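Please read the following account with the model open beside it, moving from the overall arrangement to single residues.

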Amino acid sequence: MSLATRRARIPRLSRFGWLMGLYAENHVRFTRLFPSQGLVVGTYVSSVGDGLDVQLDVIERHPYTTELRMTYALRDPVTGEQDPSAFLRLYHDARQLEVTNCYVGRRWQDTIGMYPPPAEIVDHRTRMNTFLGKWLEYLAERGHGVATLRAVDAGTISGGTDEKNLAANA
């Protein structure tokens, strides 16, 4: 058997398959950190005392998906937007977490144009989801998680807590 024949027997993962794998890995990382089933629509903050509190906004909940936004709540001095900021879609039934938009200084239209070819879209989504995976790993290493996550009032970052709700659903 030649080397070429052996290589042909090893299945290759397409770029799309790789992206779906990232979605699944990010779901595992995210749900280890934060109790997605126990989060109702609202704003939450995770603080570990390092001055970089993570803000998690649950934007909408649907039967099979949850729309979220995760950020450090730092403002870009030029645009006033929260940066870094990732908009996430959590698929409960498929156990996947997708970054739908990632604001790190620019919008996707500025990065890849209005009508990019499909390969460019897959590459861009792969980069965004790789970024999310690294960010989630970093947050776990810093100690963020269900024990540090608190619900806050709508207009304040350091406001009230809803620890009973989070603990009951953890």
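This is a predicted model: local features need pLDDT of at least 70, side-chain atom pairs count only at pLDDT 80 or more; totals for chains, interfaces and linings use all residues.

Residues are numbered from 1 along each chain as its sequence is written, and side-chain values use heavy atoms, with hydrogens and water left out.

The protein contains 5 helices and 6 strands, where helices (H or I, at least four residues) and strands (E, at least two) are DSSP runs numbered from the N terminus. Along the sequence these elements follow the pattern α-α-β-β-β-β-β-α-α-β-α. Of the 170 residues, 38% count as buried, a word that here means under 20% relative accessible area, with exposed meaning over 50% and partly exposed lying in between, for a 1.4 Å probe and protein chains only. The protein exposes about 10,000 Å², of which carbon and sulfur atoms supply 54%; the areas come from the Shrake-Rupley method with a 1.4 Å probe, and for residues only the protein chains shown count as cover. Among contacts (heavy atoms within 4.5 Å) between residues at least 6 apart in sequence, 51% join residues at least 24 apart.

H2 covers residues 15-33, and at 1.5 Å a residue its 19 residues should span 27 Å, which agrees with the 27 Å between its end C-alpha atoms; the expected span is 1.5 Å times one less than the number of residues. Within H2, the buried residues are Leu 19, Leu 22, Tyr 23, Asn 26, His 27, Phe 30 and Leu 33. Seen down the axis of H2, these buried residues fall within an arc of 145 degrees, so they line one face of the helix; the arc is that of the directions from the helix axis to the C-beta atoms. On the other side of H2, Trp 18 and Arg 32 are exposed.

What, then, lies in the largest nonpolar core, and which residues have the most contacts inside it? This core has 24 residues, and those with the most contacts inside it are Phe 30, Leu 56, Met 70, Leu 88, Leu 132, Leu 136 and Leu 139; a nonpolar core is a set of buried Ala, Val, Leu, Ile, Met, Phe, Trp, Tyr and Cys residues joined through side-chain atoms within 4.5 Å. Two or more residues come from each of H2, strand E2 (54-61), strand E3 (65-71), strand E4 (85-91), strand E5 (96-103), helix H4 (118-142) and strand E6 (149-152). The largest share, 5 residues, comes from H4. In soluble globular proteins, nonpolar side chains tend to be buried together.

Not counting residues up to four places away in sequence, Leu 88 touches Phe 30, Thr 66, Glu 67, Leu 68, Met 70, Leu 97, Glu 98, Val 99, Thr 100 and Leu 132. Leu 68, in strand E3, counts as buried at 2% relative accessibility. Beyond its neighbours within four places, the contacts of Leu 68 include Phe 30, Leu 56, Val 58, Phe 87 and Leu 88, and its C-alpha atom is separated by 7.7 Å from that of Leu 90, 22 residues apart along the chain. Ser 85, in strand E4, counts as buried at 0% relative accessibility. Gln 96, in strand E5, counts as buried at 16%, and its contacts beyond four places in sequence include Met 20, Tyr 23, Ala 24 and His 27.

The loop between E4 and E5 holds Arg 95, which counts as exposed at 59% relative accessibility and has a phi near 55 degrees, a positive value in a residue other than glycine. Most residues other than glycine have a negative phi.

Finally, there are 3 aromatic pairs, counted when ring centres of Phe, Tyr and Trp (its six-membered ring) lie within 6.5 Å, with planes under 30 degrees apart called stacked, over 60 edge-to-face and the rest tilted. The rings of Tyr 72 and Trp 135 have centres 5.4 Å apart and planes at 50 degrees, so this pair is tilted. Tyr 72 lies in the loop between E3 and E4 and Trp 135 in helix H4, so the pair ties together parts that are 63 residues apart in sequence. Tyr 72 counts as buried at 12% relative accessibility, as does Trp 135 at 6%, and Tyr 72, Phe 131 and Trp 135 form one aromatic cluster.
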